[in-house]
Amino acid sequence: MSLSTNSLRVLVVGCGNMGSSHAIAFKTLDGFDICGIVSTGNSKVVLNERLGGGYPLFDDYTTALAETQPDAVCISTYPDTHEAFAIQAFEKGCHVFIEKPVADTVEGAKRVIAAADKAGKKLVVGYILRHHPSWEKFVEVAREMGKPLVMRMNLNQQSHGTMWTVHRNLMKSLSPIVDCGVHYIDVMCQMTRSKPVQVNAIGARLTNDIPADNYNYGQLQIRFEDGSVGWYEAGWGPMMSETAFFVKDVIGPNGCVSIVAKNAGSAGKSDNVDSHTKTESLRVHRAALNASDQFVEEDTWIDMQDEPDHQELCNREQRYFLKAIQENIDLTDHMQDAVNSLQIAFACDESVRTGQPVLL
């Protein structure tokens, strides 16, 4: 496979759903060249064929790093490998794009960021919703609703087949509310721009197919310094209900804004990754009343024209990664936000396991 001299040479590590999408982005976007593909199983062979073939394939990450000498590494493996793989990449002088979470512990995430700083290289974390115009609009309109905010969000997945395999593997190292919750905790922090002060969470183990110390259903609650509150719910598995599995709703003194995903909310789509990012419409309700206590305004609908699918969102993430490197963007806040949302998610995990609220 011929490589351009002025393109960023990227080593793709992990070839599951996210890794494959990022690899397609590298293949199709200007500015990138894939210099190798790494996975422990057959997924790298499948991805190589999907990309047209000819890429060097590796079972071992360390060997791949040494032989390909990439400019950047894209890490989309299971979370228990994130810290070690990222630090190794930085020590080799590579930039890193890493799927969330940064690591499977808060201390590990801090070590990854310290390694990025020491190497003087860029670390971009895969917070995919930050690149979605509808979610950006959702945050913007939520901020118009006054304070305090009540934020209600969930993403339950009636997973089966290959998605249930993915979820079982994820639950070897993380709970659903940590793995998915970091996205929505990040959104809540953007909406309130306030400090989270306390979390409380509950969880239940609904299957023997996962480790004895983990749970496949969880719900977290967050209190913010400004009086705002939020909850997030996540459950994975073939037993999950598809009734009200997709709730994205923010209420404030001035009204409320909701994501109404008519297509994503239809039967049998709760474990479809592409539907998780489909917003379709925002419904905006204003609370203002007239002298007769009737609403001054009818509800309005914002139908976003720019509605990227999952692949296009991954393309946008990689364009941002390239821009961050080329333009030397200061990613201090980006990295700190990733640690903060992970810290909150793990505090929720602690609350589930201890049965007690956790102060932040």
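The structure holds zero disulfides, a disulfide being a pair of cysteine sulfur atoms within 2.5 Å. This is a predicted model, in which local features need pLDDT of at least 70 and side-chain atom pairs count only at pLDDT 80 or more, while totals for chains, interfaces and linings use all residues. Residues are numbered from 1 along each chain as its sequence is written, and side-chain values use heavy atoms, with hydrogens and water left out.

- Cys 74 is in no disulfide, and the nearest cysteine sulfur, that of Cys 314, is 8.9 Å away.
- Cys 74 is buried, with a relative accessible area of 0%, where buried means under 20% relative accessible area, exposed over 50% and partly exposed in between, for a 1.4 Å probe and protein chains only.
- The sulfur of Cys 94 lies 8.4 Å from the closest cysteine sulfur, in Cys 35, which is too far for a bond, and Cys 94 is also buried, at 1%.

**Helices H9 and H12**

- Helix H9 (residues 181-192) and helix H12 (residues 332-354) pack at an angle of about 115°, with their axes 9 Å apart; helices are DSSP runs (H or I, at least four residues), numbered from the N terminus.
- The axes are lines fitted to C-alpha atoms over the stretch in contact, and angles run from 0 to 180 degrees between N-to-C directions.
- The angle makes H9 roughly perpendicular to H12, a term that covers 65 to 115 degrees.
- In H9, Val 182, Ile 185, Asp 186 and Cys 189 meet Asp 337, Ser 341, Leu 342, Ile 344 and Ala 345 in H12, contact meaning heavy atoms within 4.5 Å.
- The residues of this contact between H9 and H12 divide into six nonpolar, one polar and two charged.
- Thr 192, found in helix H9, counts as buried at 2% relative accessibility.
- Leaving aside residues up to four places away in sequence, Thr 192 touches Lys 147, Leu 149, Met 151, Phe 224, Asp 226 and Ser 228.

**Helices H1 and H11**

- The axes of helix H1 (residues 17-28) and helix H11 (residues 310-326) come within 9 Å and cross at roughly 65°.
- By class, the contact of H1 with H11 has five nonpolar, eight polar and one charged residues.
- Among the H11 residues that H1 meets is Cys 314.

**Helix H6**

- Seven of the ten residues of helix H6 (residues 133-142) are buried, so H6 is largely enclosed by the rest of the structure.
- The buried residues of H6 are Pro 133, Ser 134, Trp 135, Phe 138, Val 139, Val 141 and Ala 142.

Terms used:
Helices (H or I, at least four residues) and strands (E, at least two) are DSSP runs, numbered from the N terminus. Angles under 35 degrees count as roughly parallel, over 145 as roughly antiparallel, 65 to 115 as roughly perpendicular and the rest as oblique. Ala, Val, Leu, Ile, Met, Phe, Trp, Tyr, Cys and Pro count as nonpolar, Asp, Glu, Lys and Arg as charged, and the others, Gly among them, as polar.
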